[in-house]
Amino acid sequence: MLTVNSLIGFGAMAAGSITLGVFVGGSINGASQTTMDYITIAVIGNAATFNTLSTSRQSQGMCADANRGVYAGGYVSGTRTNNISYFSIPNFSSNTSFGTLSSARHSSAGCSDKNRGLFGGGDTGSKVNTIDYVTIQTVANSTSFGSLTVGRDGLGAVADTTRGLFGGGLALNASAVCDYVTIATTGNATNFGNLTLARLYLAATESDTRGVFFGGTIGTTRQTRIDYQVIQTLAAATTFGTLATARSYPAACSNLSRAVLGGGLLAANTATMLYFDIATTGNGTSFGDLTLARTWFAAVSA
């Protein structure tokens, strides 16, 4: 899943078959990074180096299947990009060009059903409602999928085997809107039910039934809110817990039972990670540290 963020739907994979979470790129005081970290999600501890991006990047959307992580858009050398690249998770590879998005944009959100990956929203200079899709194992340019109900950037995304949800973000103001689509078909999104709190630059990840949305910001005020949605039940979100310290611009991943939230902005950039049992509710427990404290990055799992 994968977020900024991103994050991802795990299709029909069993929780035990997902072992690694990979945190990609990011920003330190506006400077894009090439860092790729990984964790073994079931094992509490610090992250280790996965590989290095060939080009520094921040604010990209990400998704994955069982083997391949795909990231799209963001900033490269201070300029919005439409580039899509991928890497092999089991092989700890760097990155290879995949294709292009329909437009150069940053701060979209990605999710997948482990076959088709979606990238929704973003900023091209204005907020867009565009949803593009790729077939993760087919290297090619993206194809138009449909539109979100509201154009926005800085949103989070989650998915199960059939449905993708896009929640929060920045439209004219911070948004609580949560939309859904059926991933295997194309078409415009439909309103799902709002988050409990309008916010942007949040992280999201999921189990095979629940999507969880972490932190974020309203204006310059970082948030502690954690919400969850039951992905197959159209309804407003429910409070999952509260972060001990307000956090914005983080990234999250999961093995379908444990979610790990990492990085972002506290009073300053942080490398700290927390973990959560998705099937229950709670405020999180210390997991370890990323190799680098940073913001504006994304994560996937496989």
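Predicted model: local features only at pLDDT ≥ 70, side-chain atom pairs only at ≥ 80, totals over all residues.
Colleague: Why is N83 called buried?

Modeller: Its relative accessibility is 19%, and buried means under 20%, so N83 counts as buried. N83 lies in strand β9, residues 83-88.

Colleague: And why does A104 count as partly exposed?

Modeller: A104 has 29% relative accessibility. You'll find A104 in the loop between β10 (96-100) and β11 (109-112). Setting aside residues up to four places away in sequence, A104 touches R80, T81, N82, D123 and T124.

Colleague: What makes the pair N83 and S85 a polar contact?

Modeller: Their side chains are joined at 2.8 Å, and the cut-off for such a pair of N or O atoms is within 3.5 Å, so the pair qualifies. Beyond its neighbours within four places in sequence, N83 is also in contact with R57, Y71, A72, G73, S97 and G99.

Colleague: How do you know that β6 and β9 pair?

Modeller: Five bridges join strand β6 (residues 68-72) to β9. Pairing needs at least two bridges, so these strands pair, and they run antiparallel. As one detail, G69 stands opposite F87 in β9.

Colleague: Which strands form the open sheet, and in what order?

Modeller: The order is β5-β6-β9-β10, four strands with antiparallel pairing. β5 (61-64) and β10 stand at the edges because each has a single partner strand, leaving one side of each without a neighbour in the sheet. From one strand to the next, the twist averages 25°.

Definitions and conventions. Residues numbered from 1 in each chain as written. Heavy atoms only, no water. Helix = DSSP H or I, 4+ residues; strand = E, 2+ residues; numbered from the N terminus. Buried < 20%, exposed > 50% of the residue type's maximum accessible area, 1.4 Å probe, protein only. Contact = heavy atoms within 4.5 Å. Polar contact = N/O pair within 3.5 Å; in protein donor to acceptor, adjacent residues only side chain to side chain. Axes fitted to C-alpha atoms, helices over the stretch in contact; angles between N-to-C directions.
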